[in-house]
Amino acid sequence: MPDGIEAGDVVVADVPWASHASPGGVDSRIGPLKGRRDVTRLLLAPSLVLLGLFLGIPLIVVLVASFQPNVLIPRDSAGLYNYTYLIAQPYYAKILVRTIWLGIVATIVTLPLGYAAALLLPRLRGRLANMAVMGLTFPILAGPLVVILGWMALLPAHGPLFGPLVRWGLIAPPRIIGTDTAVLISLVQFMLPFAILTLYTTIKQIPHELYEAAESLGAGPLREFRDVTLPLSMPGVLSTSIILFSLGASSYISPHYLGGAANLTLTTLIGQFILATYNNALASAAAILLLLIMVLCMVGLVLLFRPLIRP
Amino acid sequence: MKRVATAAGWTYLTAVYVFVIGPVVFVAAESVNSAKAFPSAFAGVTLHWYQAILAHPEFFSAAWTSTLIAAVSSAVATAAAFTAGYALRRRGRQESAVLSTLLASPLLVPQIVISLAMLQFAGLFGLGAGFASLIAVHTIHGLPFALRLVLTGFARFNFSLEDASFSLGAGRVTTWREVTLPLLRPNLIAGFTFCFILSFVNLPISLFLTDAQTTTLPLVMFAYIESRIDPMLAAVATVVVVVAGIATLVLERYLKIRLVE
């Protein structure tokens, strides 16, 4: 290639095979060609159209619906009253707080548990390592139903976990199903594979030479962890906590089937509004509030972790 | 001292796996337990509960509906992910943050909100619940997963192979058919399978979109749970788990696809 050719210059005529080069099919060494690159970009269209049509526009419809009057709040015009209603009524305010609380607690519990496991996983070798990673995707692929069914069977006071302890008089019969504890146990179990997989990817990417350098400078395992692993894995910790909070706050199945009707979260509240009280407007407002909470928490997490991430 | 630390590490890792996989294994074990109640102490091995499923045609029709929805939505999602992944990688640059956020957005929106949004959107056209809406949301849901597996494939794909094909006179279509698609086939199969399983077992995203004629297997199973929990349900769940497990193992073994890269 002659010097002085810049990205964007039309060099087609100089290259013998250029007439055969289909849209976008240009040698990457010459850089993208004007007018041709756009055709490759068009290949993004199917995904973006699907997302816009079946997610973007529908979400705008929800946003519009959230300003509409309804059976509980009859008004003449659109307004923010559905939001003020959900925030001002203690019954609903409690649900809002509970959703955030569950998301935060589940994240705080899962993060260190997952981090410790992700530190240990890279020591596995060969087939065992593959099996270990597959094992983590197994509960995700098995689906929530079987997992919830498992907890419904395992957690009752006289079930297989606590039954023997109760019978031997070691503990009083615990009440777990229908409480936040049950929801948290199943949330942590559900979120842990996501945490381990994300953190494992980050930790594995830390160059091995850094550990060798640290060792040659006389650092012990603890020092290595503090000065190499921990700071370099911070971006992974940030993205993991965002994923975890989103999973926790947006979970429907755990709070619905293990939390009981008295312990609603925003997701199960949306379910009630649509399936039981047929209140579309309030369901929409609750959905937008849930999205807002998730966005705010993401921003919060980014601000919290940014000082810890080295450029 | 070091040995103690190592032992503690392995013990911890084992505990994590028991905690994460335990409930699934427990349900599977109970599904072959001959005792009458779920759960109960192990009384003997039986396949009676699997036989009992045969008396419930609603599970079969729902499983068929779920299969259709999963097949169509995964095929569309994988195809869209392929062209998107191609566009992202062919340009040879890191995609913009906006673009990758957009393409991952179905993961960030709670599934129940996606379901609600589709209910209202389809309602504008007088559609509401039913096949079309279900396929639409399941496609959206599968897209980021399919894209991720496709991008893993493109990371290893050498685009100069395409240039070689062009230089030999092949057009875009021939090049894709003879070069690009065959080399990415493992990833496309993995993407499709992954989407299929995730769609098949998903409940919240279908929650508001099923009607009397069209309902998915997870919703029928959960409706059943509301009335009673018996070992037959464990058997149904185990069938789903075994199929998903075999698919995962086959992918890992024969297609050498790793979900984490």
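**Around a covered helix**

Tutor: The buried residues of α13(A) are covered by, among others, α4 (90–120), α11 (234–250), α12 (253–258) and α14 of chain A, along with α5 (111–124) of chain B. Helices here are DSSP runs of H or I with at least four residues, and strands are runs of E with at least two, numbered from the N terminus. This is a predicted model, where local features need pLDDT of at least 70, side-chain atom pairs count only at pLDDT 80 or more, and totals for chains, interfaces and linings use all residues. Residues are numbered from 1 along each chain as its sequence is written, while chains are lettered from A and ligands numbered from 1 in the order in which they are written.

Student: How many residues of α13(A) are buried?

Tutor: Eight of its 10 residues are buried, which leaves α13(A) mostly covered. Buried means 20 or more other C-beta atoms within 10 Å of the residue's own, exposed means 12 or fewer, and partly exposed is in between, with C-beta atoms placed from the backbone. The buried ones include A:Leu266, A:Leu269, A:Ile270 and A:Phe273.

Student: And what does A:Ala286 touch?

Tutor: Leaving out residues up to four places away in sequence, A:Ala286 touches A:Leu86, A:Leu266, A:Leu269, A:Ile270 and A:Phe273. Touching, or contact, is scored when two residues have their backbone-placed C-beta atoms within 7 Å.

Student: Which residues touch the most other members of the largest nonpolar core?

Tutor: A:Ala286 and B:Leu116 do, in a core of 152 residues. Helix α8 (residues 180–204) of chain A is the top contributor to this core, with 13 residues. A nonpolar core is a set of buried Ala, Val, Leu, Ile, Met, Phe, Trp, Tyr and Cys residues joined through C-beta atoms within 7 Å.

Student: Nice. What sits in α8 of chain A?

Tutor: A:Pro193 has its place in that helix. A:Pro193 counts as buried because it has 23 C-beta neighbours inside 10 Å. Beyond residues up to four places away in sequence, A:Pro193 touches A:Leu136, A:Thr137, A:Pro139, A:Ile140 and B:Val20.

Student: How enclosed is helix α6 (residues 144–154) of chain A?

Tutor: Largely enclosed by the rest of the structure, because 11 of its 11 residues are buried. A:Trp151 and A:Met152 are among them.

Student: Switching to the surface: is A:Tyr278 buried or exposed?

Tutor: A:Tyr278 counts as exposed because it has 10 C-beta neighbours inside 10 Å. You'll find A:Tyr278 in the loop between α13 (266–275) and α14 (280–305) of chain A. A:Tyr278 also has a positive phi of about 50°, although it is not a glycine. For background, most residues other than glycine have a negative phi.

Student: What about A:Val295, buried or exposed?

Tutor: A:Val295 counts as exposed, because it has 12 C-beta neighbours inside 10 Å. A:Val295 lies in helix α14 of chain A.

Student: Let's zoom out. How many helices and strands are there in chain A?

Tutor: Chain A has 14 helices and zero strands, and 39% of its 311 residues are buried. Chain B has 10 helices and zero strands, with 48% of its 261 residues counted as buried.

Student: Where do the two chains meet?

Tutor: The contact takes 76 residues from chain B and 74 residues from chain A. On the chain B side, helix α1 (residues 2–30) supplies the largest share, 13 residues. That side of chain B has 56 nonpolar, 12 polar and eight charged residues. Nonpolar covers Ala, Val, Leu, Ile, Met, Phe, Trp, Tyr, Cys and Pro; charged covers Asp, Glu, Lys and Arg; the others, Gly among them, are polar.

Student: How is chain A divided into domains?

Tutor: Into domain 1 (16–61) and domain 2 (80–308), with bounds from an automatic or database domain assignment. Their C-alpha centres lie 37 Å apart.

Student: Last one: what is the mean pLDDT of chain A?

Tutor: The mean is 83, and 87% of chain A's residues reach 70 or more. Residues 1–37 of chain A have pLDDT below 50, and this stretch has 46 contacts in the model beyond near neighbours in sequence. pLDDT is the predictor's confidence in each residue, from 0 to 100.
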